[in-house]
Amino acid sequence: METKNLEAALEVIPFLELPEGIRILEVTHSSPLFTPVLGCVNLLDNKKIDLCVVNSGEMTSNVLGYYEKIFFHSLGGTHETHWNQAYDVVLIPDALNTLSKQEGEALLHWLIQRGVSLIYALVKDDNLDQTWTIPDFKSFDISFYRLPKLNQKLIKIYPATSKAVKPLQPMMKSRNPLTILYVITHRSLTGGLKILYEQMKFLQKLGYRIKLMIRGDYDRIVPTWVEDFVPDEEIIRRPYEPYLTDDLEADIIFATFTGEFEELVSDRIPVFYWEQGHEALYGDVQSLQSEVILRNRLKKQFSHDIYYATNSLYVHDIVQTRFGKNSYIFPIYIDTSFYYPEVKKEKEKLTILLVGNPVLKFKGFVKALTVLVNVWNRGLRFKVVWACQVKPEVSPVPFEIDYQVNVSQLELAKVYREADILLSCSDYEGAAMPPLEAMASGVCVVATNCGGIMQYAQHEKNALISQTHQVSELADGLTRLLTNPALRERLIQNGLKTAQSLSFERGITQLENILQTIVDDFQWKKQVNYSPYKVSVIIPAYQVEKYILRSVSSVLRQTFKDVEIIIVDDGSTDLTAKLSDDIAKAYQNIQVIHQSNLGSAKAREVGVQMAKGEYLLFLDADDWLDKEALEKLYTQATLEEADIVLFQAVLVIGNKGYELNIFSGCPEEIAATPVLHFLQDKIKPSMCAKFIKRSFLNEHQIHFPDISYAEDVVVTSRLLRYHPKLSFCDQRFYYYDQREGSLVHSVNETRLEIFKALEEVANVLRGCQLYDRYEKEYINFAFQHLSPVKKVCLENQELKAAFDSQYQHWYEKYLNGKFIIEQREGIDSD
């Protein structure tokens with residue numbers, strides 16, 4: 001690799017996370033980039049890398065030595081392949097720049113479905129063939145880094161965790177004006193805050209009481225740049241004073257900053273947040289460190305049980321894809337009495353307008369200036385005006401720029417009216433205001449498809465929209481407008497109609513309906529005791545009067561309080577039922593269900609049906625939990641977006657405790673092939689040491705079998721067949737009391753249900769086409785579970801005879817002399 005190319009390629013290295021021991025696949029259409037660079041800087045140690053060349057691409061022979069295996073693959077529509085290797089990370093240096101977008105999206109989805117943990121893909125910023133833009137990735141959970149030396153972006157794609165998206169309540173018509181508390185965090189002029197103050201003005205005119213609250217050393221809240229507005233009440237909290245007090249009155253809280261959520265959420269007043277988009281939401285990060293911080297912050301933001309709206313379908317889709325949150329779509333609206341056109345005089349040169357803060361890279365002002373230079377070099381002449389918050393430092397350009405720095409809102413409206421064409425080159429935006437303000441002011445628009453602009457813009461009807469973001473396409477559009485008066489007039493007239501359809505008068509009606517719906521829904525949830533719990537602990541209980549209070553108390557003492565406890569009394573004849581009812585009377589978060597003696601599997605199934613928590617934990621009535629168990633498990637589960645968290649346990653025999661490992665081995669390997677590791681006894685079947693997302697159970701319709709012994713074996717196999725996102729916690733939170741009289745020590749016919757359990761496991765393996773691959777492991781697994789049952793059955797001649805009969809049937813069906821297994825000795829030698 002040439003020194004110049006190597007220096008540019010090294011730009012990628014700081015953003016790659018490639019721990020030792022992982023399996024990597026590089027997918028390329030021509031010469032690979034990632035692996036040779038990694039080899040040059042000695043980052044290939046303890047890493048196994050294969051190469052896949054797609055669509056008959058070509059490559060140079062001097063890079064082949066880096067790979068263990070090289071194969072070719074055609075993206076012919078179905079993406080069928082003979083790959084039999086599980087990969088942790090996929091590197092895509094050039095394929096997305098050469099494949100069609102339809103093929104590229106299909107490839108990415110297919111890789112994620114194969115269980116890949118992370119994908120890195122390079123996309124060129126101004127590719128002649130085709131350019132991938134940030135909005136093209138809206139159906140993926142991404143972060144991205146800008147690589148100016150390579151003139152590319154490094155897209156980092158995470159598998160989106162499947163979430164059950166809660167449906168929204170149908171919108172109600174507003175009945176009576178509400179009291180709305182807007183919680184403001186600053187007084188600076190921003191597009192978002194400007195829109196909020198315009199909302200307040202209109203709502204107040206309709207009879208709504210508008211309260212403002214801010215925290216800090218302020219003497220007033222409304223900034224000087226806001227005109228013609230006085231709130232009904234201003235509430236200034238001093239630093240470290242709480243936002244909410246007992247005497248605070250409001251029908252709804254309108255939060256304006258995500259950092260406030262934790263303080264504002266209560267059971268008194270609903271909280272509403274309008275997500276307008278910001279850099280982190282679109283995945284725009286600067287470093288690995290900032291990415292971790294921002295992603296965790298976003299996960300925390302969207303974990304709160306509040307009401308959301310988004311300002312465009314683009315932002316709605318991102319929030320739903322990344323966080324599983326539904327939201328009302330409340331688009332941006334505009335005050336057409338403030339932004340309006342005026343009759344323009346004939347001009348020798350048309351005025352092209354840029355609007356926005358030059359500090360914000362996503363606004364694309366470097367590209368905008370490049371476009372203007374391109375058009376200037378074509379021989380066209382024009383004036384350039386840039387309305388901005390601060391004056392930028394710009395490289396020399398062949399035209400003068402009239403900077404309108406930090407002008408008032410009235411002056412900005414005048415700047416719009418005096419302009420002829422707005423040029424907007426944002427990489428992404430939730431709903432860009434300048435193009436809509438330009439339309440309302442009778443100004444033509446040339447813009448990139450930044451995602452949110454498509455909420456109101458239509459190419460060739462009210463704007464010229466560049467789908468590729470290429471300089472040449474934008475320059476062609478600008479050239480057409482500068483030279484075609486009829487086109488300008490058509491876009492202006494249609495733009496004015498668009499602005500009228502998005503007038504504040506229409507928008508406020510929709511906002512009223514959203515707010516009224518939220519208030520009604522919140523009140524309904526209070527009336528029906530809607531569950532606020534994040535975790536449901538399910539305790540099947542049968543004849544455990546000596547232990548039930550110890551078990552329940554271990555949950556009540558948890559440091560994590562958003563917990564409901566569901567006790568399912570399975571027809572106990574001792575004091576278990578009474579003790580359960582008594583403790584439930586003392587605690588609102590405990591409910592007791594009584595059923596006839598149907599077994600622990602049915603009891604657990606009933607508990608799952610009643611549960612409302614986001615995550616489930618099964619606790620046997622004679623066992624107990626460490627007091628920090630739920631807090632640490634829930635934190636880990638939500639941060640890692642896990643479907644199941646596996647954790648360790650303690651086996652208690654008498655007064656002694658022994659380590660009981662629920663999982664063993666390399667977590668990455670276990671997560672890659674969970675069914676195999678389950679059969680190899682590296683994941684224990686115990687349901688009590690698994691912290692399970694309830695939506696995962698529901699989505700895959702996983703139920704407990706109709707057996708009373710070894711149901712954990714069946715359910716664990718059913719869980720793992722769907723390849724859940726596993727998380728691993730080495731802390732020992734569960735205390736398993738192995739006492740005399742428990743089922744594990746009992747001798748009865750229920751032990752023979754091990755054969756039903758093993759049959760169900762075999763069915764699971766067949767259902768996911770893994771039986772042939774794991775046949776030997778299944779046989780070993782079966783003998784491992786049959787041996788202890790056989791030993792117990794030896795104590796009773798009738799049970800022994802029944803066991804021998806069922807074992808012979810199982811042996812003939814599954815083994816039939818295919819191979820000799822060492823574990824048979826414990827079964828056949830007696």
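The structure is a predicted model.

**Sides of helix 25**

- The buried residues in helix 25 are Leu 799, Phe 803, Tyr 807, Trp 810, Tyr 811 and Tyr 814.
- Because these residues cover an arc of only 100° around the axis, they lie on the same side of helix 25.
- Gln 797, Glu 798 and His 809 are exposed, and they sit on the face of helix 25 turned away from its buried side.

**Ends of helix 25**

- The N-terminal end of helix 25 is capped by Asn 796, which places a side-chain oxygen 2.9 Å from the backbone nitrogen of Glu 798.
- Asn 816 follows helix 25 and has a positive phi, near 50°.

**Setting of His 703**

- His 703 is placed in the loop between helix 21 (694-699) and helix 22 (711-720).
- The relative accessibility of His 703 is 42%, so this residue counts as partly exposed, since that class lies between the 20% and 50% cut-offs.

**Contacts of His 703**

- Apart from neighbours within four places in sequence, His 703 is in contact with Glu 605, Val 715 and Arg 718.
- With Glu 605, the contact includes a polar one between the two side chains, at 2.6 Å.
- Gln 609 is 94 residues from His 703 in sequence, yet the C-alpha atoms of the two residues are 10.0 Å apart in space.

Notes:
Residues are numbered from 1 along each chain as its sequence is written. This is a predicted model: local features need pLDDT of at least 70, side-chain atom pairs count only at pLDDT 80 or more; totals for chains, interfaces and linings use all residues. Side-chain values use heavy atoms; hydrogens and water are left out. Helices (H or I, at least four residues) and strands (E, at least two) are DSSP runs, numbered from the N terminus. Buried means under 20% relative accessible area, exposed over 50%, partly exposed in between (1.4 Å probe, protein chains only). Contact means heavy atoms within 4.5 Å. A polar contact is a pair of N or O atoms within 3.5 Å; within protein, one must be able to donate a hydrogen and the other to accept it, and residues adjacent in sequence count only if both atoms are side-chain atoms. The arc is that of the directions from the helix axis to the C-beta atoms.
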